[in-house]
Amino acid sequence: MFNLLIKDLKLGVNPLFFIFPILMGALMLIPGWLYFLVVMYFFWVSAPNLFAQFRAANDSLFTAMMPVTKKDVVKARISVFVILELMHIVIAMIYSLFTIHLYPNMTYHFFAPRMGFWGLNFAMLAIYNIFLFPMFYKTAYKYGTAQIVSIVAAMVFAVVAQWLGIQSPYLSDIFNGSGAHNTALQMSILIAGIVIFFAFTMIAYRISVKRFLKVELQ
């Protein structure tokens with residue numbers, strides 16, 4: 001599987017995709033912005049281009065000629081996406097540390113970029129993954145519908161979460177009020193988001209393997 005992962009990273013991932021998270025992460029420095037958008041750039045820009053590059057390289061046929069299992073093919077491909085997702089979110093988190101210190105007295109109308117907020121971002125990507133991969137691996141070739149459905153699902157979660165964060169005094173206090181300075185509370189939300197991310201991604205992987213086993217690579 002490791003060799004497949006290296007193959008995917010070298011042949012399917014343009015080096016610009018490793019720079020893109022750094023450039024987009026800088027948007028975290030905008031004071032009081034809707035910070036969900038920073039992580040959303042992954043599935044708006046990076047993911048569709050990744051699929052397009054793999055298709056342009058006729059990766060399915062190339063992979064079919066290799067002495068590898070379909071299970072490892074799925075594991076390697078999902079690992080590539082997870083690596084890039086983690087790059088997007090971790091780099092954005094690092095930028096957010098500067099944001100908090102640059103604007104200590106900022107009044108946030110949207111979620112402030114504290115630990116609890118990043119837990120929500122992990123949950124958003126979890127929803128994206130659990131829709132994307134099982135739908136894509138029905139064919140392992142057509143990705144348009146899978147992309148649209150997974151993006152819509154992730155954005156619905158983000159919009160609803162942000163709307164509740166504005167409308168609900170309780171949630172507003174957790175993310176932007178006194179709760180924002182409760183380290184234990186913020187850390188628990190972050191950890192919950194990370195657990196959801198990896199749990200959903202593992203479920204997506206298992207479903208994808210079952211579906212991919214039924215696909216004839218050509």
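**Close-up views of a predicted model**

**View 1. K7, D8 and R77 are joined in a network of salt bridges.** A salt bridge is counted where a side-chain nitrogen of Lys or Arg lies within 4 Å of a carboxyl oxygen of Asp or Glu, and by this rule the count comes to two. The model is predicted, and local features need pLDDT of at least 70, while side-chain atom pairs count only at pLDDT 80 or more and totals for chains, interfaces and linings use all residues. Residues are numbered from 1 along each chain as its sequence is written, and side-chain values use heavy atoms, with hydrogens and water left out. In another, the side chain of R77 meets that of D8, at 3.1 Å from N to O. This pair links distant parts of the chain, with R77 in helix α5 (residues 70-102) and D8 in helix α1 (residues 2-11), 69 residues apart; helices are DSSP runs of H or I with at least four residues, numbered from the N terminus.

**View 2. The residues of the salt-bridge network, K7, D8 and R77, are shown with their accessibility.** Buried means under 20% relative accessible area, exposed means over 50%, and partly exposed lies in between, as found with a 1.4 Å probe on protein chains only. K7 is buried, with a relative accessible area of 10%, and D8 is buried at 2%. R77 likewise counts as buried, at 7% relative accessibility.

**View 3. F51 and F81 form a tilted aromatic pair, one of the 18 aromatic pairs found in a search of the whole structure.** Rings of Phe, Tyr and Trp (its six-membered ring) pair if their centres lie within 6.5 Å, and planes under 30 degrees apart count as stacked, over 60 as edge-to-face and the rest as tilted. The rings of F51 and F81 lie 5.1 Å apart, centre to centre, with 40° between the planes. This pair links distant parts of the chain, since F51 belongs to helix α3 (residues 36-56) and F81 to helix α5, 30 residues apart. Both F51 and F81 are buried.

**View 4. F136 and Y137 form an edge-to-face aromatic pair, 4.9 Å centre to centre and with 75° between the planes.** F136 is buried, with a relative accessible area of 5%, and Y137 is buried as well, at 2%. F136 and Y137 belong to one aromatic cluster, which also includes F51, F81, W44 and F212.

**View 5. The charged ends of R55 and K70 are shown with the rings they sit over.** A charge is taken to sit over a ring if NZ of Lys or CZ of Arg is within 6 Å of the ring centre and within 35 degrees of the ring normal. The charged end of R55 sits over the ring of Y141, 4.2 Å from its centre, whereas that of K70 sits over the ring of F212, 5.2 Å from the centre of that ring.

Key: Helices (H or I, at least four residues) and strands (E, at least two) are DSSP runs, numbered from the N terminus.
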